[in-house]
Amino acid sequence: MIVAALAAVAGGCGGSSAPTRATYGKNVDKLCATLDDRVSAIQRKAPTTTDELVAFADDLGRVIDDGVRRLSEVKRPDGADGEKADRWITELTRQKDKAIKPALAELKDAARKKDTAAIQRAVQHIQQVDEKRVNQLAREAGSRSCGD
């Protein structure tokens, strides 16, 4: 029993506490599933007024910010696998900040102005966000569901 305890302590010394690629993938997949559920719940509330559309964009923005923050906080593997995870999170954050958030802001502004044509353009901008690169990087980082 003492030998086993010493072996456990020794095993923890100097070793990496970083997760494996598979463990990282499982951890982020859980978060992605939760994020998908939260986004779906917001989308089911199909806004019917401009005020609801503004609230919809706000809610969606908050959920996306929170989801990306949580994903970025997941401990990454060491080495090349960690670099892949870093590339994914960097691109995900870039896409959120440079494409999704501006499109949601455009949607809110159009809704506040009750400008139907601008609302439609904003929705098109949101639909045109290219997720292919982010999805590919997610799969390379070990995710099975974040890259769907």
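Trainee: Which residue follows helix 4, and is its phi positive or negative?

Mentor: Helix 4 is followed by lysine 114, and its phi is positive, near 55°. Helices here are DSSP runs of H or I with at least four residues, strands are E runs with at least two, and both are numbered from the N terminus. Lysine 114 isn't a glycine, yet its phi is about 55°. You'll find lysine 114 in the loop between helix 4 and helix 5.

Trainee: Before we go on, what kind of model is this?

Mentor: A predicted one: local features need pLDDT of at least 70, side-chain atom pairs count only at pLDDT 80 or more, and totals for chains, interfaces and linings use all residues. Residues are numbered from 1 along each chain as its sequence is written, and side-chain values use heavy atoms, leaving out hydrogens and water.

Trainee: What is the mean pLDDT of the chain?

Mentor: pLDDT is the predictor's confidence in each residue, from 0 to 100. The chain averages 87, with 89% of its residues at 70 or more. Residues 1-14 are another story: their pLDDT is below 50, and this stretch has zero contacts in the model beyond near neighbours in sequence. Contact means heavy atoms within 4.5 Å.

Trainee: How many helices and strands does the chain have?

Mentor: Six helices and zero strands, giving the pattern α-α-α-α-α-α along the sequence. Among contacts between residues at least 6 apart in sequence, 70% join residues at least 24 apart.

Trainee: How do I read the span of helix 4?

Mentor: Compare the end-to-end reach with the expected span, which is 1.5 Å times one less than the number of residues. Helix 4 has 34 residues and reaches 48 Å from first C-alpha to last, close to the expected 50 Å. Still, helix 4 has a kink of about 40° centred on lysine 96. The bend at a residue is the angle between axes fitted to the seven residues ending there and the seven starting there. Helix 3, with 24 residues, reaches 35 Å, close to the expected 34 Å.

Trainee: Which residues have the most contacts inside the largest nonpolar core?

Mentor: The general idea is that in soluble globular proteins, nonpolar side chains tend to be buried together. A nonpolar core is a set of buried Ala, Val, Leu, Ile, Met, Phe, Trp, Tyr and Cys residues joined through side-chain atoms within 4.5 Å. The largest one here has 32 residues, and those with the most contacts inside it are Tyr24, Val28, Leu60, Leu71, Trp88 and Leu107. Two or more residues each come from helix 2 (21-44), helix 3 (50-73), helix 4 (79-112), helix 5 (116-127) and helix 6 (132-141). Helix 3 gives the largest share, nine residues. Tyrosine 24 touches residues including Pro19, Pro77, Trp88, Ile89 and Ala141, not counting those up to four places away in sequence.

Trainee: What covers the buried residues of helix 3?

Mentor: The cover includes helix 2, helix 4 and helix 5. Among the buried residues of helix 3 are Phe56, Ala57, Leu60 and Gly61. Take alanine 57: it is buried because its relative accessible area is 3%. Alanine 57 touches Leu104, Leu107 and Lys108, leaving aside residues up to four places away in sequence. The C-alpha atoms of alanine 57 and alanine 105 are separated by 7.5 Å, although the two are 48 residues apart along the chain.

Trainee: Which cysteines does the disulfide join?

Mentor: In general, a disulfide is a covalent bond between the sulfur atoms of two cysteines; the test used here is a pair of cysteine sulfur atoms within 2.5 Å. The structure holds one, joining cysteine 32 to cysteine 146 with S to S at 1.8 Å. Cysteine 32 lies in helix 2 and cysteine 146 in the segment after helix 6, so the pair ties together parts 114 residues apart in sequence. The torsion about the S-S bond of cysteine 32 and cysteine 146 is about 110°, so this disulfide is right-handed. Both cysteine 32 and cysteine 146 are buried.

Methods:
Buried < 20%, exposed > 50% of the residue type's maximum accessible area, 1.4 Å probe, protein only.
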